Amino acid sequence: MTGKREQAPDWNRLFEFALGQAGLFTTKQAAEAGYSPQLLVHYLHIGKVVRIRRGVYRLVHYPQGQDEALVTVWLWSEQQGVFSHETALALHQLSDVLPSRLHLTLPTTWKQRRLRVPPGVVIHHAVLDDAERTWPAAVPVTSPLRTLTDCAAAQLAPDLLQQAIAQALERGLIRKSDLARIQKASVAKAPRTR
């Protein structure tokens, strides 16, 4: 017999995935822990897991956290997305912005993909280096400087942008020398007048 032997389900491995992801895991992660799609459906029926959205599940005994919506979208992005723009402002607690939608930046290589974007999610594309990512929560977020630059380029309301910049300066999250970069992003994307 030359067939590949199936891996026995490993609850501890599945729990390790879920532990760092607000109790959530993907179908792919379940397979890596030895759970076939049929066994996952069985666990749904007996109440060991709950389906959050297609391909994303939560361990039923894991308490639902405030980060669940963020982690769900991050797992949807195959852990490639980074929360940005107004969402990042809120996660960094900069300004009084109350985003009605989640902003997620995906790699530019994803522009060609035909995606079924989850409701309430705004997709941006950019190449982000490691210095432009932070982990203030259970998910990656653009750094304060990148966040402010993105918000300036997206023409965030000037009062909110100025409030966020002032708070970032006061908390030492950016330097005064960074202000020129933020201003440049704002001017570069400003609408042209004829």
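The largest nonpolar core has 17 residues, and those touching the most other members are Val71, Leu75, Phe83, Leu104 and Val139. A nonpolar core here is a set of buried Ala, Val, Leu, Ile, Met, Phe, Trp, Tyr and Cys residues joined through side-chain atoms within 4.5 Å; buried means under 20% relative accessible area, exposed over 50%, and partly exposed in between, with a 1.4 Å probe and protein chains only. Two or more residues of this core come from each of α4 (68-76) and β5 (102-106), and α4 gives the largest share, six residues. Helices (H or I, at least four residues) and strands (E, at least two) are DSSP runs numbered from the N terminus.

The model is predicted, so local features need pLDDT of at least 70 and side-chain atom pairs count only at pLDDT 80 or more, while totals for chains, interfaces and linings use all residues. Residues are numbered from 1 along each chain as its sequence is written, and side-chain values use heavy atoms, with hydrogens and water left out.

Strand β5 is mostly covered, with four of its five residues buried. Strands pair if DSSP finds at least two bridges between them. β5 pairs with β4 (residues 82-83) in the antiparallel sense over two bridges, and Leu104 in β5 is the bridge partner of Phe83. With β6 (residues 121-125), β5 runs parallel, joined by five bridges; there Val121 in β6 is the bridge partner of Leu102.

Beyond its neighbours within four places in sequence, Leu104 has contacts (heavy atoms within 4.5 Å) that include Val73, Trp76, Phe83, Val121 and Ile123. A second, separate core of 15 residues includes Leu94, Leu145, Leu148 and Ala185.
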